[in-house]
Amino acid sequence: MLSTSCKYALRAAVYLMSQTGKMRRAGLKEVADEIEANEHTTGKILQLLVREGIISSAKGPTGGFYIPPDAAPIYLIDIVSVVDGVDLFFECGLGLKKCSETHPCPIHHSYKEAREILYAEFSTITIQQLARNIEKGMAFLRR
């Protein structure tokens with residue numbers, strides 16, 4: 001459902017947030033290693049997140065990518081919206097153009113229910129919550 005780039009963006013944001021409490025900024029190579037992506041792709045994703053104001057960056061010897069400790073809550077949907085858009089939460093599961101309540105595709109009702117649940121989850125879960133789970137050892141970013 002989510003593109004690989006979107007998954008990397010979510011992982012990168014969670015990783016950067018998990019470093020905030022340590023007052024650390026992470027370089028491109030570090031982020032790429034942590035999210036298990038190549039540097040080129042990671043660079044493009046991080047640039048997009050900076051441009052959209054989701055994460056910050058600083059240049060120089062103490063520079064890198066980061067999320068300020070006092071950042072407003074960053075919802076998963078904020079990142080999905082920037083990288084993939086939110087159409088995936090409203091489109092037909094089979095890709096039909098004319099799927100609707102009155103003219104449903106074979107999986108319309110079950111797919112609609114699942115994507116509504118996922119949209120609600122992505123709209124309420126924050127990067128900050130996920131980073132806390134990592135810091136507590138309750139969740140992991142690496143395989």
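Definitions and values in a predicted protein chain

The protein chain holds six helices and two strands, where helices (H or I, at least four residues) and strands (E, at least two) are DSSP runs numbered from the N terminus. This is a predicted model, in which local features need pLDDT of at least 70 and side-chain atom pairs count only at pLDDT 80 or more, while totals for chains, interfaces and linings use all residues. Residues are numbered from 1 along each chain as its sequence is written, and side-chain values use heavy atoms, with hydrogens and water left out.

Q: What makes K29 and D33 a salt bridge?
A: A salt bridge requires a side-chain nitrogen of Lys or Arg within 4 Å of a carboxyl oxygen of Asp or Glu. The closest N and O atoms of K29 and D33 are 3.3 Å apart, so the pair qualifies. Both residues lie in helix α2 (residues 28-35), four residues apart, about one turn of the helix.

Q: Why is K29 called partly exposed?
A: Buried means under 20% relative accessible area, exposed means over 50%, and partly exposed lies in between (1.4 Å probe, protein chains only). K29 has 49% relative accessibility and therefore counts as partly exposed.

Q: Which residues are linked with R142 and E36 in a network of salt bridges?
A: The network links R11 and E34 with E36 and R142. Across the whole structure, a search finds seven salt bridges.

Q: What makes K112 and E116 a salt bridge within a helix?
A: Their closest N and O atoms are 3.9 Å apart, so the pair meets the salt-bridge criterion. K112 and E116 both lie in helix α5, four residues apart, about one turn of the helix. K112 is partly exposed, with a relative accessible area of 23%, as is E116, with 44%.

Q: What makes I107 part of a nonpolar patch on the surface?
A: Patches are made of residues with over 30% relative accessible area and no salt bridge; like charges are joined within 9 Å, and nonpolar side chains (Val, Leu, Ile, Met, Phe, Trp, Tyr) within 5 Å. I107 has 31% relative accessibility and counts as partly exposed. With L94 and L96, I107 forms a patch of about 250 Å² of accessible area together, by the Shrake-Rupley method with a 1.4 Å probe, where for residues only the protein chains shown count as cover. I107 is placed in the loop between α4 (76-83) and α5 (108-124).

Q: Which residues does H109 touch, not counting those up to four places away in sequence?
A: H109, found in helix α5, touches E101 and P104 on that count, where contact means heavy atoms within 4.5 Å.
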